[in-house]
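Dear colleague,

I am passing on to you the structure we spoke about, with the sequence alongside. Please look it over before reading my notes, which follow below it.

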Amino acid sequence: MRLMHSILSMILGFSLMSVTYADKADGGHEQHAGHRHHDAHVHGMATLDLVMDGEALMIHLQSPLMNFLGFEHQPETAQQKHIYRDMLQQFELLETLLTVEGASCHAESIEIDDVFANQNEAGHTDIDISYFLRCEQPDKITGLQINLFDIYNRLELLQVQMVLPSGQQQLELNPQRTTLRIN
Ligand SMILES: [Zn+2]
């Protein structure tokens, strides 16, 4: 869901395109526009952007596919296809990502970008997932319990950027620290 990603990025104030277009007339070296967040591709790490606005909670997860699959190429063997299908099914559930504490939220949409469209020339692939949640009594939310670390043990570090009614925050989660405190 590119639109939501763009909105989230704008709100969070960082650039969606981390790569500038090459000036070919200048004979400069060719850049690979479109491989956004290219520099952020580190196995074991992922990013989570989160914006809370009224009853809406918008979340964008970006991660090397390695963290969830153990490989980043198109699934080939029966076992790889199984692992891949299993991951896609897992991410249809909000609970795979997180559990909301203190209030009731439901996922209005969970969208996974075309996974292998993001593969770069070195064979690295990111997965992008956008969540749109609607919450009853959002002011009662006390925390977000991130469940990813329990399910995917290759994930070691989650860099979080949040825009909450109380302000903007950046922090890091890891298998020992999995809760985002809110309010
Ligand atoms: Zn990779």
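The protein chain holds 5 helices and 9 strands, and along the sequence these elements come in the pattern α-β-β-α-α-α-β-β-β-β-α-β-β-β. Please bear in mind that this is a predicted model. Of the 183 residues in the protein chain, 27% are buried, and among contacts between residues at least 6 apart in sequence, 62% join residues at least 24 apart.

As for the strands, 6 of them form an open sheet with mixed pairing, in the order β4-β5-β2-β1-β7-β8. The edges are taken by β4 (104-112) and β8 (167-173), and each has a single partner strand, so one side of each is left without a neighbour in the sheet. From one strand to the next, the twist averages 15°. Within this sheet, β2 and β5 run antiparallel and are joined by 9 bridges, and leucine 61 stands opposite isoleucine 129 in β5.

Leaving aside residues up to four places away in sequence, isoleucine 146 touches Leu98, Leu158, Leu173, Thr178 and Leu180.

Methods:
Residues numbered from 1 in each chain as written. Predicted model: local features only at pLDDT ≥ 70, side-chain atom pairs only at ≥ 80, totals over all residues. Contact = placed C-beta atoms within 7 Å. Pairing = 2+ DSSP bridges. Helix = DSSP H or I, 4+ residues; strand = E, 2+ residues; numbered from the N terminus. Axes fitted to C-alpha atoms, helices over the stretch in contact; angles between N-to-C directions. Buried ≥ 20, exposed ≤ 12 C-beta atoms within 10 Å, placed from the backbone.
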